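These are my notes from one sitting with the model. I put down each thing I looked up and what came back.

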Amino acid sequence: MIAVWEKTRTTLEMIKWEHSIFALPFALTGALLAARGVPALPTLGWILVCMISARSAAMAFNRWADAGLDAANPRTSTRAIPAGLLSRGFVLAFTLIMVAVFVAAASQLNRLTLELAPVALAVLLGYSYMKRVTRWTHLVLGLALGIAPAAAWIAVRGSLDWRIVLLTGVVTCWVAGFDILYACQDMEHDRVAGLYSIPQALGLEAAFWIARLLHLTVVGLLAWFAVLFQFGAAGWIGITVVAALLLYEHMLVSPRDLRRLNAAFFTMNGVIAIVFLVFVAVDVWMGSRLDH
């Protein structure tokens, strides 16, 4: 039992399950807007299963695909596979199990969700190889998380509304921006290893400016999104708070000081996602009360 617990704990640590907080609030936002309130509990439950299994598959596959690269990077050499805590065979098997769970959960929602499941998996798993071919790998990671609200909308409605695609754009730009900042700490290693990223290709100063531009785009898209969905005061307050948190996030780090990068990357982004969900949920609730 101790061995099973240790392997389970190591697996959860490997997939960084706590980072589900980045995409999950946006998926729930999509579901809330699609249902104009709380979706039916079975639908909500299967959406959660899809989110957890898809993200677990993506993270595990990334660790499997990058095992050799992680071993050569001092920052990542202590990860589960390079450190010998988990075998590549075990991690690949875990990935396949999570893929099967994801497809099974998608089949319980509606036909379109099931038909698009392979497309979602292609994006989620394909990201792991993007750093080998393009400096814009950050946008692919952003898309991997960004499809969550549109997928949740489809899960509830069985169809896609172009308005929710704006939220996919928001999450894509948001994630790409902070992933560019996070990649700054691996700039020198990426150059030696022949991997691609914005910092590796353009340097720290340019990387920071691109991240800032992406996050300014986030605020603009959120404003457009709020207009399309006719947000009330709560929604607009939420967007204002998100903008302020993004500004604070950029104040924590600079090209000359990356020491607080983890605080900007993990803590602040988790707060941003939850804040947005809470204010949208309040806005939807207030709107439904007014309708009645």
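Which residues does Gln200 touch, not counting residues up to four places away in sequence? I keep in mind that this is a predicted model. The list I got for Gln200 is Met187, Asp190, Arg191 and Leu195. Gln200 itself sits in helix α10, and I find it buried, with a relative accessible area of 17%. The cut-off for buried is under 20%.

I looked next at the loop between α9 (187-193) and α10 (198-202), where Gly194 lies. Gly194 counts as partly exposed, because its relative accessibility is 43% and that class runs between 20% and 50%. I also took the C-alpha separation of Gly194 and Leu247, which comes to 32 Å. Those two residues are 53 apart along the chain.

**Entry: positive phi**

Arg36 has phi near 55°. I place Arg36 in the loop between α2 and α3. Is Arg36 buried or exposed? Arg36 is exposed, with a relative accessible area of 62%.

Gln230 also has a positive phi, of about 55°, and is not a glycine. I find Gln230 in the loop between α11 (204-228) and α12 (233-252). At 70% relative accessibility, Gln230 counts as exposed; the class needs over 50%.

**Entry: α2 against α3**

I took helix α2 as residues 24-35 and helix α3 as residues 41-65. Their axes come within 11 Å and cross at roughly 150°. The pair α2 and α3 is therefore roughly antiparallel, since angles over 145 degrees are put in that class. The crossing in which α2 passes α3 is right-handed. On the α2 side I listed Leu24, Ala27, Leu28 and Ala31 as making the contact, and on the α3 side Leu44, Ile47, Leu48 and Met51. By class, this contact of α2 with α3 has eight nonpolar residues, no polar and no charged ones.

**Entry: α3 against α5**

I then followed α3 to helix α5 (residues 88-107). The axes of α3 and α5 come within 8 Å, and the crossing angle is roughly 155°. So α3 and α5 are roughly antiparallel to each other. What is the handedness of the α3 and α5 crossing? I noted it as left-handed.

From α3, the residues that meet α5 include Trp46, Cys50, Ala57, Phe61 and Trp64. From α5, those that meet α3 include Arg88, Phe94, Met98, Phe102 and Ala106. I divided the residues of the α3 contact with α5 into 17 nonpolar, three polar and one charged.

**Entry: Ala117**

Ala117 lies in helix α6 (residues 111-126). Ala117 is buried, with a relative accessible area of 2%. I also took the separation of the C-alpha atoms of Ala117 and Ser107, which is 8.9 Å for residues 10 apart along the chain.

**Entry: α8 against α11**

I took helix α8 as residues 162-183. α8 and α11 pack at an angle of about 160°, with their axes 8 Å apart. That makes α8 roughly antiparallel to α11. α8 passes α11 in a left-handed crossing. I divided the residues of this contact of α8 with α11 into 22 nonpolar, four polar and one charged.

**Entry: cysteines**

How many disulfides does the structure hold? I found zero. Cys173 is in no disulfide, and its nearest cysteine sulfur, that of Cys184, is 17 Å away. A disulfide would need the pair of sulfur atoms within 2.5 Å. I find Cys173 buried, with a relative accessible area of 13%. Cys184 is likewise in no disulfide, and for Cys184 the nearest cysteine sulfur is that of Cys173. Cys184 is buried, with a relative accessible area of 5%.

Methods
Residues numbered from 1 in each chain as written. Predicted model: local features only at pLDDT ≥ 70, side-chain atom pairs only at ≥ 80, totals over all residues. Heavy atoms only, no water. Axes fitted to C-alpha atoms, helices over the stretch in contact; angles between N-to-C directions. Helix = DSSP H or I, 4+ residues; strand = E, 2+ residues; numbered from the N terminus. Parallel < 35°, antiparallel > 145°, perpendicular 65-115°, else oblique. Left-handed = near helix turned anticlockwise from the far one by under 90°. Contact = heavy atoms within 4.5 Å. Nonpolar A, V, L, I, M, F, W, Y, C, P; charged D, E, K, R; others polar. Buried < 20%, exposed > 50% of the residue type's maximum accessible area, 1.4 Å probe, protein only.
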